[in-house]
Amino acid sequence: MAVNQPTGAPAPVMHTAEAQPAIADPAPLGLAGFGLTTMLLMFIDNGVIGAGATAMVLPVAAFYGGLAQLLAGMWAFKRGNTFAATAFSSYGAFWLTYFLLVQVILPSLPKADASTISPFVGLYLFMWGVFTAYMFIASLAGTRAVQAVFLLLAATYIILAFANWSGNQGILHLGGWVGV
C-alpha cells in the first residue's frame with residue numbers, strides 16, 4: 001500500500017550500496033603467468049635448454065609467475081572466485097619461493113650442506129604435488145581442460161621430486177616433458 005507524502009515534505013532517502021568497480025577476469029593473467037614461466041623452466045628440466053639458463057628464468061618466475069599471478073589471485077578473491085583465488089595466489093607464491101630458493105637461499109648455503117639440498121628440494125616439489133593433487137580434486141567440478149592442467153601439474157611436481165631425490169637426469173627430463 002502506497003503512502004502519500006504530504007505536500008512539501010522531503011522524499012524519503014533510499015540507502016543503496018555503492019556500486020563496486022568492475023574487475024576484469026584475472027584468469028587470463030594468472031594462467032599466462034603460470035604457463036609461460038612453467039614452460040621456460042620445463043624446457044630446462046627436459047634438457048632442451050641448458051641448466052645455465054635457469055638464471056634467466058628467475059626474473060620471469062619472480063615477476064610474471066609470482067607477482068602477476070599473486071595479483072590475479074587477489075583479484076579473483078575480489079570477484080568471489082575462491083578456486084581461482086586459491087590457485088593463482090598459491091602458485092604465485094610458489095614462483096616467488098622458487099625464486100628465493102634458487103637465487104638467494106641455495107647459493108648462500110655452505111658446501112657442507114649440499115647433502116640436504118636435493119632432499120629438501122625433492123620434498124618441496126613433492127608437497128606442491130600433494131597440494132596440486134588436492135586442487136585437481138577440487139577442479140573436478142570444472143572443465144576437463146582445467147582438470148587436465150591440475151592432473152599433469154601434480155604428476156610433474158611428483159616426478160621432479162623423485163628426480164631430485166634420486167639425482168637421475170632421465171627422471172628430471174621426464175618431469176620436464178610432462179610439464180610441457
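Helices (H or I, at least four residues) and strands (E, at least two) are DSSP runs, numbered from the N terminus. By that definition, the protein chain has six helices and zero strands, and Asp 45 is found in helix H1. This is a predicted model, in which local features need pLDDT of at least 70, side-chain atom pairs count only at pLDDT 80 or more, and totals for chains, interfaces and linings use all residues. Residues are numbered from 1 along each chain as its sequence is written, and side-chain values use heavy atoms, with hydrogens and water left out.

**The chain as a whole**

- Along the sequence, the protein chain shows the pattern α-α-α-α-α-α.
- Of the 180 residues in the protein chain, 33% are buried; buried means under 20% relative accessible area, exposed over 50%, and partly exposed in between (1.4 Å probe, protein chains only).
- The protein chain has an accessible surface of about 10,700 Å², and carbon and sulfur atoms account for 72% of that surface. Such areas come from the Shrake-Rupley method with a 1.4 Å probe, and for residues only the protein chains shown count as cover.
- Contact means heavy atoms within 4.5 Å. Among contacts in the protein chain between residues at least 6 apart in sequence, 68% join residues at least 24 apart.

**Helices H1 and H2**

- Helix H1 covers residues 27-45, and helix H2 covers residues 54-79.
- H1 and H2 pack at an angle of about 160 degrees, and their axes lie 8 Å apart. Axes are lines fitted to C-alpha atoms, for helices over the stretch in contact, and angles run from 0 to 180 degrees between N-to-C directions.
- H1 and H2 are therefore roughly antiparallel to each other. Angles under 35 degrees count as roughly parallel, over 145 as roughly antiparallel, 65 to 115 as roughly perpendicular and the rest as oblique.
- The crossing of H1 with H2 is left-handed; a crossing is left-handed if the near helix is turned anticlockwise from the far one by less than a right angle, and right-handed if clockwise.
- On the H1 side, the contact includes Leu 29, Gly 30, Gly 33 and Phe 34, and on the H2 side it includes Tyr 64, Gly 65, Ala 68 and Gln 69.
- By class, the contact of H1 with H2 has 14 nonpolar, six polar and no charged residues. Ala, Val, Leu, Ile, Met, Phe, Trp, Tyr, Cys and Pro count as nonpolar, Asp, Glu, Lys and Arg as charged, and the others, Gly among them, as polar.

**Helices H5 and H6**

- Helix H5 (residues 144-166) and helix H6 (residues 169-179) pack at an angle of about 165 degrees, with 8 Å between their axes.
- H5 and H6 are therefore roughly antiparallel to each other, and H5 passes H6 in a left-handed crossing.
- Among the residues that make the contact are Leu 152, Ala 155, Ile 159 and Leu 160 of H5, together with Ile 171, Leu 172, Gly 175 and Gly 176 of H6.
- The contact of H5 with H6 divides into ten nonpolar, five polar and no charged residues.

**Helices H1 and H5**

- H1 and H5 pack at an angle of about 35 degrees, with their axes 13 Å apart, and the crossing of H1 with H5 is left-handed.
- Phe 34, Met 42 and Asp 45 of H1 meet Leu 153, Thr 156, Tyr 157 and Leu 160 of H5.
- The contact of H1 with H5 has five nonpolar residues, one polar and one charged.

**Individual residues**

- Asp 45 is buried, with a relative accessible area of 12%. Not counting residues up to four places away in sequence, Asp 45 touches Leu 160, Leu 172, His 173 and Gly 176.
- Gln 69 lies in helix H2 and is buried, at a relative accessible area of 1%. Leaving aside neighbours within four places in sequence, the contacts of Gln 69 include Gly 30, Phe 34, Tyr 64, Phe 88 and Trp 95.
- Ala 84 lies in helix H3 (residues 82-108) and counts as buried at 11% relative accessibility. Ala 84 and Met 74 are ten residues apart in sequence and 9.3 Å apart in space, C-alpha to C-alpha.
- Ala 138 belongs to helix H4 (residues 114-139) and counts as partly exposed at 35% relative accessibility. The C-alpha atoms of Ala 138 and Phe 150, twelve residues apart along the chain, are 9.6 Å from each other.
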